[in-house]
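Please look over the sequence and the structure below before reading on. The paragraphs that follow go from the overall layout to the core, and then to one helix and one of its residues.

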Amino acid sequence: MNIGILLRKPFQQLVDEIHETLAIEGYPEIRPAQGIVFQFIGKNGSRLTELAIKAQITKQSMSYLVEYLEKEGHIEKTDDETDKRAKIFRLTKKGWDVVAIAEKAIENFETNCKKKLGVVKYKQLINLLNELDDVGSS
């Protein structure tokens, strides 16, 4: 099996666990595609273009995701004080609640990984993944 598949399987398990937890906690409207907005939005908000660049998707695709999350009350759009033509998107309280639930699901997933691998192997895995973090740029 190639490394891409080996890396993707646990990632997909994590994504599934996050979204199952969100649904149980009352946020079934959040789908994996919208997760990239939560992943890349800045603490004090972000411009649409910035989000699209970080997520490596088109501005139009990011606009669709942001509009949906705004309609659902997870983010709000405000004027950018440095450029009146631009808008800043910020998480609302509801959006921050989603982040907290997702972070808890990630902690649970990591705990399960530690149990399965053992602490020593888990730390080795994390160290190896950190080494590979910038493999494409070397």
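The chain contains six helices and two strands, where helices (H or I, at least four residues) and strands (E, at least two) are DSSP runs numbered from the N terminus. Along the sequence these elements follow the pattern α-α-α-α-β-β-α-α. The model is predicted, so local features need pLDDT of at least 70 and side-chain atom pairs count only at pLDDT 80 or more, while totals for chains, interfaces and linings use all residues. Residues are numbered from 1 along each chain as its sequence is written, and side-chain values use heavy atoms, with hydrogens and water left out.

The C-alpha trace of the chain spans about 50 × 40 × 25 Å along its principal axes. Of the 138 residues in the chain, 29% are buried, a word that here stands for under 20% relative accessible area, with exposed meaning over 50% and partly exposed in between (1.4 Å probe, protein chains only).

In soluble globular proteins, nonpolar side chains tend to be buried together. A nonpolar core is a set of buried Ala, Val, Leu, Ile, Met, Phe, Trp, Tyr and Cys residues joined through side-chain atoms within 4.5 Å. The largest such core has 25 residues, among which L22, I30, F38, M62, V66 and I75 touch the most other members. Two or more residues each come from α1 (3–24), α2 (32–40), α3 (48–55), α4 (59–71), β2 (83–91) and α5 (93–117), and α5 gives the most, with six residues. M62, leaving aside neighbours within four places in sequence, is in contact (heavy atoms within 4.5 Å) with I36, V37, L48, L51, A52, A55 and I57.

Helix α5 deserves a look of its own. Its 25 residues should span 36 Å at 1.5 Å a residue, and its end C-alpha atoms are 36 Å apart, which agrees; the expected span is 1.5 Å times one less than the number of residues. The buried residues of α5 are G95, V98, V99, I101, A102, A105 and F109, and what covers them includes α1, α2 and β2. After α5 comes G118, whose phi is positive, near 90°.

K94 also lies in helix α5, and K94 counts as partly exposed because its relative accessibility is 32%. Which residues does K94 touch, not counting those up to four places away in sequence? K94 touches Y27, E29, E72, G73 and H74. With G73, the C-alpha to C-alpha distance is 6.7 Å, although K94 and G73 are 21 residues apart in sequence.
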